[in-house]
Amino acid sequence: MLHRYPKRVAYIMLVLTALVAAFPLWGEAVFGNQANFMLEKLTLMLILALFAMSLDLLVGIVGLVSLGHALFFGLGAYTLALASPDFSPASMWWMLPLVMGVSACVGLIVGVLVIRTKGIFFIMTTLAFGQMLYYFISTSPLAGGTDGVFIMFRPSLTIGETSLVNLDNPYSFFYFCLGMLLIGFLFLRWLTRSYFGQVLDGIHDNEHRMQALGYATSGYKLVAFVIAGVMAAIAGMLAAMQYGFANPAQLGWHTSGEVLMMLILGGMGTIFGPILGAFAYEILLYIYEHATTHWPILMGLTIIIAVLVLPRGIAGLIIAPPWRSKRQTEPGTASEHGKAQVALSAKPTPQRKES
Amino acid sequence: MDLAFFSVQLLNGLQYGLLLFLIASGLTLIFGIMGIINLAHGAMYMIGAYLVYDLTLRLGNFWLAMLAAIPIAIVLGLIIERLFLDTLYKRDHLYQVLLTFGLILVLNEAQRIIWGGDVHRVAVPAPFDASIQLTDNLQYSVYRLFVMGVCLALAGVIYWVMRHTRLGIIIRAGAANRDMVEGLGINVRTLFTLIFSVGVALTAFAGMIAAPLTSIAPGMGDSILITCFVVVVIGGIGSIKGAFWGAIIIGMATTFGAVLIPSLASMVIYLIMAAVLLVKPRGLFA
């Protein structure tokens, strides 16, 4: 993994964050009466960015390609929808731990099974388990079947009687989501630089060698799987709050595919890349949807082209702009290039210094 | 459940399982030999069904339509392999997943543009549009028996090719050690193209003969794809034998699950997969 990025990465991300955070100031000037709609879109992007980032821990850091990550996203949404009381708002103080607890338990059960598999097998089993929950939810009368479940009240965040953040207000909710995304980002940044993260990095590089060194790699992978699941569930919970309902589509494998697209668009294994990817994906989606009713064709072609010519995503462009490197990087060599850098960073450097 | 009802379910399960085998065998061949995970496999099943629906309307005959549709499917497979997959062989599975997911979006939407979002049916074709009487009030469609026969025959052909021909030896060797086969002077590039086209043709063919039995609807490829993944996981990747028994198990489990435990029917196959993963994480026949 590339732990050390050029300075411009930090600058670009800080500027973008400031720009997003200041949306309430400039939104109305740019979008006029559409500003509220755009704020909702932006909130959704923040939520999806958290979702994509959680998948990056699995795909980019550990090298486990999951095609069932929507399982946790939907699980978070459904936990919120089903646990919310009908006539009064739930309290965030127990809702958040509940969502995290449920997703951690499910992550543990599914994880124990899927961690036993590798490569293509892992892709297929995660997909199958995701679909298992999808069919369970969409046929179960408890969870509203294919219609989903409506959420009558957004949870409240209060201390005693005073409201800490009014989550019903779109602006407050926007900042709440931004805060969650930042916490998620800082957490993952800390995690990947910790000793635990170094081991995950090693597993990505060469699992057999890590095993030979005496690491119980399955345990590390399982913990990473659970952490990624819990983060995705939090994103799912926020998405359900934003939409006002939980729907089986949030669990389906197309959602898993979409979040993988965000990852590749943004650049995996970089933690900050998926955030850019989520924004890029949603912006493209917005443009395509307005251009034609057959937008999936455009989206499909976009992803095919991204895979063929931009395998390291937007983050790859920022970290190593093609116009700066002397060697022409074509798609084939680009991944080789990435490998070489990974290999460099995996050299036995003193780990304490990094963490 | 009396004996006649039981045997009807048994036949249904067998027929569904054999159909699944056709699709899963293509999937497992492509995995095993080319190392490619092809999510667009299910979309090819859908395209097979739609092609035969469209051509039956145009040509007025199901069998002629099938004859015309098979080459189209093969050419489509060739185009996809040469145009998109060629660059992916040496790259991570993630990119294969993403590219073939992109293909699904394109193919599904192309289907919507060409044939619309309606659900279609194809009439059961001429010599087989009868049914045989099992008991006084139970009968069984002859076409289903025909489908079973065709699938079994194809399974036999695949078995024979894999076991008793030079091509089969190369394919099996390629699955075991691709580099070595290449080192021995076999043109792996051509082999890949052949395998992919055959795999796609098998799936599209399954879609064609299944067309009179199912409703032809958008997204029909997605659900069959995931079922076939379960088949391949249970049987073991790259194993034709595993695909066969996996498909039979899933076919039976789906049919009897729907009859015996309707509330859990949609979950049965996944529970079986979970059980297999617990005992044999690499599949039953790997």
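## Helix H1 of chain B against H5

In this predicted model, H1(B) and H5(B) are oblique to each other. The reason is the angle: their axes cross at roughly 40°, and oblique therefore applies, since roughly parallel needs an angle under 35 degrees. The axes come within 9 Å. H1 spans residues 3-34 of chain B, and H5 spans residues 142-164 of chain B. The crossing of this pair is left-handed.

From H1(B), the residues in contact are B:Leu11, B:Leu14, B:Gln15, B:Leu18, B:Leu19, B:Phe21, B:Leu22 and B:Ser25. They meet B:Arg144, B:Val147, B:Met148, B:Cys151, B:Leu152, B:Leu154, B:Ala155 and B:Ile158 in H5(B). Sorted by class, this contact has 13 nonpolar, 2 polar and 1 charged residues.

## Helix H1 of chain B against H10

H1(B) also packs with helix H10, residues 240-260 of chain B. The angle is about 140°, and the axes are 7 Å apart. That angle makes H1(B) oblique to H10(B). Roughly antiparallel would need an angle over 145 degrees.

The crossing of H1(B) and H10(B) is right-handed. Their contact has 15 nonpolar and 10 polar residues, with no charged residues.

## Helices H2 and H9 of chain B

Helix H2 covers residues 41-59 of chain B, and helix H9 covers residues 220-235 of chain B. Their axes come within 7 Å and cross at roughly 135°. H2(B) and H9(B) are therefore oblique to each other. The crossing is right-handed.

On the H2(B) side, the contact is made by B:His41, B:Gly42, B:Ala43, B:Tyr45, B:Met46 and B:Ala49. On the H9(B) side, it is made by B:Met220, B:Gly221, B:Asp222, B:Ile224 and B:Leu225. By class, H2(B) and H9(B) bring together 7 nonpolar, 3 polar and 1 charged residues.

## Chain A overall

Chain A has 16 helices and 4 strands. It has 355 residues, and 45% of them count as buried. Now take the contacts in chain A with a separation of 6 or more. Residues 24 or more positions apart account for 75% of these.

## A hairpin in chain A

Strand E2 (residues 157-159) of chain A pairs with strand E3 (residues 162-165) of chain A. The pairing is antiparallel, over 3 bridges. A:Leu157 stands opposite A:Val165 in E3(A).

E2(A) and E3(A) form a hairpin, with 2 residues between the strands. A:Gly160 lies in the turn. The phi of A:Gly160 is positive, at about 60°.

## The loop between H11 and H12 of chain A

A:Gly269 lies in the loop between H11 and helix H12 (273-291) of chain A. A:Gly269 is buried, because 25 other C-beta atoms lie within 10 Å and the cut-off for buried is 20 or more. A:Gly269 and A:Ile61 are 208 residues apart along the chain. Their C-alpha atoms are separated by 5.2 Å.

A:Ile271 lies in the loop between H11 and H12 too. A:Ile271 has 24 other C-beta atoms within 10 Å and is therefore buried. A:Ile271 is not a glycine, yet it has a positive phi of about 65°.

## A:Leu108 in helix H5 of chain A

A:Leu108 lies in helix H5 (residues 92-114) of chain A. A:Leu108 is partly exposed, with 14 other C-beta atoms within 10 Å. That count falls between the cut-offs, 12 or fewer for exposed and 20 or more for buried.

A:Leu108 and A:Met180 are 72 residues apart in sequence. In space they are 23 Å apart, C-alpha to C-alpha.

## Where chain A touches chain B

The contact takes 38 residues from chain A and 34 residues from chain B. Four helices of chain A each supply at least two residues of the side that touches chain B: H6 (119-139), H11 (253-266), H13 (295-309) and H15 (331-345). H6(A) gives the largest share of that side, 14 residues.

The side of chain A that touches chain B has 28 nonpolar, 9 polar and 1 charged residues.

Technical notes: Residues numbered from 1 in each chain as written. Chains lettered and ligands numbered in written order. Predicted model: local features only at pLDDT ≥ 70, side-chain atom pairs only at ≥ 80, totals over all residues. Contact = placed C-beta atoms within 7 Å. Pairing = 2+ DSSP bridges. Axes fitted to C-alpha atoms, helices over the stretch in contact; angles between N-to-C directions. Parallel < 35°, antiparallel > 145°, perpendicular 65-115°, else oblique. Left-handed = near helix turned anticlockwise from the far one by under 90°. Nonpolar A, V, L, I, M, F, W, Y, C, P; charged D, E, K, R; others polar.
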